[in-house]
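I would ask you to look at the structure now on the screen while I go through it.

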Amino acid sequence: IYQSEIQSMNRDELIPRLKTIMVDCLHLDDSDLVDIGADDPLFGGQLDLDSIEALELVLRLEKEFGLKIATSEESKRVLQNLGTLADTVIAGSGTGT
């Protein structure tokens with residue numbers, strides 16, 4: 001996916017792509033993400049990411065979308081839920097760019 005395509009997407013269009021990336025990157029079963037909505041927490045919720053999984057996901061997102069997520073605080077902000085993640089991808093970056 002090219003940046004111009006991403007910027008023309010809305011969050012509802014991007015979330016299924018983000019779920020696919022998460023399944024692949026974190027070796028999840030597709031069913032793990034079926035019921036995860038845009039506003040459901042990625043930490044402490046049904047998915048309950050740990051810090052290693054968050055790091056793996058951040059690295060994949062940086063590679064996949066060219067994001068620059070510079071700090072752990074920024075990672076926590078971006079990875080609050082699928083909605084904040086989609087919004088960050090659509091915007092083109094974390095605060096690092």
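Let me begin with a term: a residue is called buried if its relative accessible area is under 20%, exposed if that value is over 50%, and partly exposed in between, with a 1.4 Å probe and protein chains only. Helices are DSSP runs of H or I with at least four residues, and they are numbered from the N terminus.

A word on the source. What you see is a predicted model, in which local features need a pLDDT of at least 70 and side-chain atom pairs count only at pLDDT 80 or more, while totals for chains, interfaces and linings use all residues. Residues are numbered from 1 along each chain as its sequence is written, and side-chain values use heavy atoms, with hydrogens and water left out.

The pLDDT is the predictor's confidence in each residue, on a scale from 0 to 100. For the protein chain the average is 85, and 90% of the residues score at least 70. Confidence is lowest in helix 1, residues 3–7, with a mean of 68, and highest in helix 6, residues 82–91, at 93. Over residues 93–97 the pLDDT is below 50, and this stretch has 13 contacts in the model beyond near neighbours in sequence. A contact here means heavy atoms within 4.5 Å.

I turn to helix 2. Its 16 residues should span 22 Å at 1.5 Å a residue, and the end C-alpha atoms are 21 Å apart, which agrees. The expected span is 1.5 Å times one less than the number of residues.

Which residues of helix 2 are buried? They are Leu14, Ile15, Leu18, Lys19, Ile21, Met22, Val23, Cys25 and Leu26.

Lysine 19 deserves attention on that list. It is buried yet has no salt bridge, and the nearest side chain of opposite charge, aspartate 40, is 7.6 Å away. For charge, Lys and Arg count as positive and Asp and Glu as negative, whereas His and the chain ends are not counted. A salt bridge is a side-chain nitrogen of Lys or Arg within 4 Å of a carboxyl oxygen of Asp or Glu. What does the side chain of lysine 19 reach? It reaches the backbone oxygen of isoleucine 36, at 3.0 Å. Not counting residues up to four places away in sequence, lysine 19 touches Leu33, Val34, Ile36 and Leu82.

Leucine 26 is also in helix 2, and its relative accessibility is 7%. Its C-alpha atom is separated by 7.3 Å from that of leucine 57, 31 residues apart along the chain. Leaving aside neighbours within four places in sequence, leucine 26 is in contact with Leu49, Glu53 and Glu56.

Next, the salt bridges, of which the whole structure has 6. In one of them, aspartate 39 pairs with arginine 11, the closest N and O atoms being 3.8 Å apart. Aspartate 39 lies in the loop between helix 3 and helix 4 and arginine 11 in helix 2, so the pair ties together parts that are 28 residues apart in sequence. Aspartate 39 is exposed at 58%, whereas arginine 11 is partly exposed at 26%.

Glutamate 64 forms a salt bridge with arginine 17, with the closest N and O atoms 2.2 Å apart. Because glutamate 64 lies in helix 4 and arginine 17 in helix 2, this pair ties together parts 47 residues apart in sequence. Glutamate 64 also pairs with arginine 60, at 3.3 Å between the closest N and O atoms. Arginine 60 and glutamate 64 both lie in helix 4, 4 residues apart, about one turn of the helix. Through shared partners, salt bridges join Arg17, Asp24, Arg60 and Glu64 into one network.

Finally, the backbone. Most residues other than glycine have a negative phi. Histidine 27, which follows helix 2, has a positive phi near 55 degrees and is exposed, with a relative accessible area of 71%. Aspartate 48, in the loop between helix 3 and helix 4, has a positive phi of about 50 degrees although it is not a glycine.

Note on methods. A polar contact is a pair of N or O atoms within 3.5 Å; within protein, one must be able to donate a hydrogen and the other to accept it, and residues adjacent in sequence count only if both atoms are side-chain atoms. Helices (H or I, at least four residues) and strands (E, at least two) are DSSP runs, numbered from the N terminus.
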